[in-house]
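The questions ask how each label was reached.

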Amino acid sequence: MQRKRTPTGPEPALIHLTDCSMIEGTPHPIRADEARAALTDPTIEPCAFCRPDTELGMDLA
């Protein structure tokens with residue numbers, strides 16, 4: 001999970017696959033069940049590059 005803070009406030013958190021090359025900063029590893037639960041939160045988005053939602057069988061796009 002990647003969280004980004006900006007001068008105007010936090011951006012939605014992103015869920016990535018472990019080997020995603022689009023991760024910025026320090027990611028916080030979570031388990032697959034935690035990622036599935038997190039992806040049901042509207043403030044958390046799957047990475048459009050590595051598509052962890054598809055990997056987890058959720059296909060949110």
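Predicted model: local features only at pLDDT ≥ 70, side-chain atom pairs only at ≥ 80, totals over all residues.

What follows is a set of questions and answers on the terms used for this model.

Q: What makes up the list of helices and strands in the chain?
A: Helices are DSSP runs of H or I with at least four residues, strands are runs of E with at least two, and both are numbered from the N terminus. The chain has 2 helices and 4 strands. Their order from the N terminus is β-β-β-α-β-α.

Q: Why does the radius of gyration of the chain agree with a compact globule?
A: The radius is taken over C-alpha atoms, and the globule rule is 2.2 Å times the number of residues to the power 0.38. For 61 residues a compact globule would be near 10 Å; the chain has 11 Å, so the two agree. Along the principal axes, the C-alpha atoms fill a box of roughly 35 × 25 × 20 Å.

Q: Why is Cys 20 called buried?
A: Buried means under 20% relative accessible area, exposed means over 50%, and partly exposed lies in between (1.4 Å probe, protein chains only). Cys 20 has 10% relative accessibility, so Cys 20 counts as buried. Cys 50, at 16%, is therefore buried as well. Of the 61 residues of the chain, 25% count as buried.

Q: What makes Pro 29 exposed or buried?
A: Pro 29 has 79% relative accessibility, so Pro 29 counts as exposed. This proline is in the loop between strand E3 (13-15) and helix H1 (32-38). Its C-alpha atom is separated by 15 Å from that of Asp 53, 24 residues apart along the chain.

Q: Why is Arg 3 given its exposure label?
A: The value for Arg 3 is 51%, so Arg 3 counts as exposed. Arg 3 sits in the segment before strand E1 (5-6). Arg 3 and Leu 14 are 11 residues apart in sequence, with 6.5 Å between their C-alpha atoms.

Q: Why is Thr 43 called partly exposed?
A: The relative accessible area of Thr 43 is 49%, so the label is partly exposed. Thr 43 lies in the loop between H1 and E4. Contact means heavy atoms within 4.5 Å. Leaving aside neighbours within four places in sequence, Thr 43 is in contact with Pro 12 and Ala 13.

Q: What is noted about phi of Arg 51?
A: Phi of Arg 51 is near 50°, a positive value in a residue other than glycine. Arg 51 is placed in the loop between strand E4 (44-46) and helix H2 (52-55). With a relative accessible area of 25%, Arg 51 is partly exposed.

Technical notes. Residues numbered from 1 in each chain as written. Heavy atoms only, no water.
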